[in-house]
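Trainee: Can you walk me through this model? I have the sequence and the coordinates open.

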Amino acid sequence: MSDSESSVVLRQNWAQNIDPVTKLLLVACVLLGSLLYKSLTYSLVVLGLSVFLVLAARIQAKALRLIEFSLFLIATIVLIQGLLYPFNRTVLLTVFHLRFYKEGLLYALMLSSRLLSIIFVTSFFIFTTTITENATYLEQIGVPYHTVYVLISVCYILPQINKNMRHIQVAQRARGVNPQSNIAEQVRAIIPILVPLITKTLMQSVERSTALQLRGFSNPNRQQTEKLTYYRAELAHRGLILLAALLGGWKIWMILSKLV
Amino acid sequence: MDDSQQISLNKVSVAYPGAERNQLSDLTIKTPAHQIIGILGPSNSGKTTLCRLLSGIIPQVMRADVQGEYRLGTLNPTANWAEINRFIGYVFQNPADQLSGMAETVATEMAFSLVNLGQSASAIDAKVRALARQFQLIDQLNQNPATLSGGQMQRLAIACALVTDPEVLIFDDPTSQMDPVGTSQFFAWLKNQHDKTIFVTSTNVDALCNTVDSLWVLNAGQLVASGTPRKIFNQPAKSELIPAPVVFNLASQMGWALPDGDYPVTQAELMEATGHER
Amino acid sequence: MSVEINQLHFTYQNSNFGLQIPALSLDKGLTAIVGQNGAGKSTFFKLLMGLLPLQDGNISINGKGSHELTGRARLTEIGILFQNPDDQLFNATVKKEVTWSARQITRDRAQVDQIVESALTKVELLDKADENPFDLSLSDRKLLAFATLLATNPQTYLMDEPMIALDWHSQTIVLHILKQLADEGRQIIVSTHDMDLVAHSFPRVITFDHGAMVFDGTPTALFGSPAILAQAGLLPPRIMQLCALLGDTNVYLTTEDYVSKHQA
């Protein structure tokens, strides 16, 4: 029995009317925008906007799963900044003789908000388009299909590893391992099979490449027949590129004016 | 018969990079094109490697050390890949390996090779529909290919290989995931294909005998026997390598021989040997 | 040593398909499960293995509830061989693969080594112990998966299409081992499309059709009921198909069966 990734069914969500490149530009703008000011309030506002985007697209469950991976990074940030931020002065709490300072923790909160904003807007891109849609659109706007193929091969690796890992977990369960309850157990169960997991994923990549070549993918006569249409794609591209340039330029201006 | 109508292999050997031994050794055979050839043998005998060689996957897509010369009728599998791959249809052992990963729907998946050839949307649509009807995938055209059952996926893989009207078809164990009804439908369809050169590997000896024009038997990378099914099974026992078809076992134990003394290996021959032919 | 099933109902979410078994008792020995693709054979196996949740009814394996068994306790009772060996293998070498399974039931080094050697010898893969499973042929990978099952040696073996992808020699090896296990008193439940196999090796066969059990009895009885075969979408063994062509519609399980009945 084959399973399927919960791929997006055509156009049921407003977010699917926005083209992939616009979404990528949005990620770039949020990235530049979040770096603009170091104030906590500003970062929380940007975070708020990203969260709003995720909720509006109804992908909050999937986005939260993506956040799980960043929790470790955020914990590290909180730890380091809380203890060692150079402007630390007021102690907020003491754990095992380690002093966490208010200034550092607030700074960590600001950094974490930036990180989460970027993750949320990236999840907007990832969970409202499928890899094949991205590939088709990129080819449509003129990216050479060989480059497209390389890009999607890379994009397939993570979901493929995920899928293979789930298969392995079912196999482990069938062969006697209890379903793991916490992260520590899960990690311990995965380590011995990491190498075969990666080997298998890479082999699948090679097999797909063979199949594509067999079916004439490298033929210079390749011509797409399906043209995807989106809502005001060109306008959105121009607008967002302009925005990104403004944000980038503003930041550079701020840096330069401090130096002078 | 001139060479363009022959399948010929001359001292062909194949070794994978880093392997100690040849996967195929000194294969030499000459036989007419436009027939159905069954490839039999134990696992590891080189059947898949032979399929890859005949289709050009080795050495064009998969690197391997190849020696000797070979051609399939008018096709030279080592020629310009972009030109010849449309004439060769290949069905992988695992149908999921055949998916492009670039198609949302079964229809797009089937159209993939034709899009690569730059054909028009209407031509592609017509061809896809015709094949979907033939392989009972019409209801699945808008489905995601990854959600098909094993048997459906195998039919899809075959349809994808056929979409460019290839002259040469290579099937590596095409019915392993199908149930018996599906399997007999496949071999019945296969038997009706004319003017094509077809290679089929399978463990289903009975179906092969009933369908193919000749058999190649491989063992440990060498071609140990070739000829019509009847000739192969009427030779002294190869029962360690491949089991004989039920027809042969029945006829030889009951003493039902054909006029020339051979025992039958196909249903038609059995009817003849027992005097039931129509 | 038995598997008892009572009032089992299972439906997949998002699908109309439902499996229903009012009552079934499986004893030791060889039992075949047949039916078209999609009739419920895989679902049945997954329920027995606890890979699907028990929605309704109960399954008891050798006296214990199937979904209460965990880890090592489950392993010694029941084990499964999937149709696709790649769904079951995830270690770096042949030997490590079997060792992994052996270590699920014992930590004793010497015992593990002995189990591994015994299992690999039975399937004739001992000389490939250090190879990477991906480098093996599909047939050998299937044998390897079988070896991992032999390593845990459960009371009940579930085999989903064990003969698919095996070459002929490997099929004889596996069948020989299964018969030995059945003689030892273990329970071997095999799902298969191969009616010839059912006819010549299985004393009991159960037929599924659209999620329901439509037959439970001997192969002779099954192949003597054209109505049930037609309903379940099954063909009789090849010898019977050939005899039908020759105008003989009696039930024959094997070629030898026919020959012994027709030679003076």
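Mentor: We'll take confidence, then aromatic rings, then interfaces. This is a predicted model, where local features need pLDDT of at least 70, side-chain atom pairs count only at pLDDT 80 or more, and totals for chains, interfaces and linings use all residues. Residues are numbered from 1 along each chain as written, chains are lettered from A and ligands numbered from 1 in the order written, and side-chain values use heavy atoms, without hydrogens or water.

Trainee: What does the model score for ipTM and pTM?

Mentor: ipTM is 0.86 and pTM is 0.81. pLDDT is the predictor's confidence in each residue, from 0 to 100. Chain C averages 90, with 99% of the residues scoring at least 70. Chain A has a mean of 80, and 92% of its residues reach 70 or more.

Trainee: Where does pLDDT stay under 50 in chain A?

Mentor: Over residues 1-9. The model has 22 contacts for that stretch beyond four places in sequence. Contact means heavy atoms within 4.5 Å.

Trainee: Rings next. How many aromatic pairs are there over all chains?

Mentor: The count is 21. Rings of Phe, Tyr and Trp (its six-membered ring) pair if their centres lie within 6.5 Å; planes under 30 degrees apart are stacked, over 60 edge-to-face, the rest tilted. Take Tyr90(B) and Phe92(B): they are edge-to-face, 5.2 Å centre to centre, with 70 degrees between the planes.

Trainee: Is that pair buried or exposed?

Mentor: Tyr90(B) is buried, because its relative accessibility is 4%. Phe92(B) is buried too, at 11%. The cut-offs: buried is under 20% relative accessible area, exposed over 50%, partly exposed in between (1.4 Å probe, protein chains only).

Trainee: And which aromatic pair do Phe90(C) and Trp100(C) form?

Mentor: An edge-to-face one, 5.0 Å centre to centre and 90 degrees between the planes. Phe90(C) lies in the loop between β6 (78-81) and α3 (94-105) of chain C, and Trp100(C) lies in helix α3, so the pair ties together parts 10 residues apart in sequence. Both Phe90(C) and Trp100(C) are buried. Helices (H or I, at least four residues) and strands (E, at least two) are DSSP runs, numbered from the N terminus.

Trainee: Which residues do ring pairs link into a cluster?

Mentor: Phe135(B), Phe171(B), Phe186(B), Phe187(B) and Trp189(B).

Trainee: What lies over the face of Phe124(A)?

Mentor: Lys23(A), at 5.7 Å from the ring centre. The rule wants NZ of Lys or CZ of Arg within 6 Å of the ring centre and within 35 degrees of the ring normal.

Trainee: Interfaces now. How much area is buried between chain C and chain A?

Mentor: About 1800 Å², with 62% from carbon and sulfur atoms. Buried area is the accessible area (1.4 Å probe) that two parts lose on being put together, summed over both. Here 24 residues of chain C are in contact with 17 residues of chain A.

Trainee: Which residue forms a salt bridge with Arg175(A)?

Mentor: Glu97(C), with the closest N and O atoms 2.7 Å apart.

Trainee: How much do chain A and chain B bury between them?

Mentor: About 2700 Å², 54% of it on carbon and sulfur atoms. Across this interface the rule again finds 1 salt bridge. Glu109(B) forms a salt bridge with Arg215(A), closest N and O atoms 2.7 Å apart.

Key. A salt bridge is a side-chain nitrogen of Lys or Arg within 4 Å of a carboxyl oxygen of Asp or Glu.
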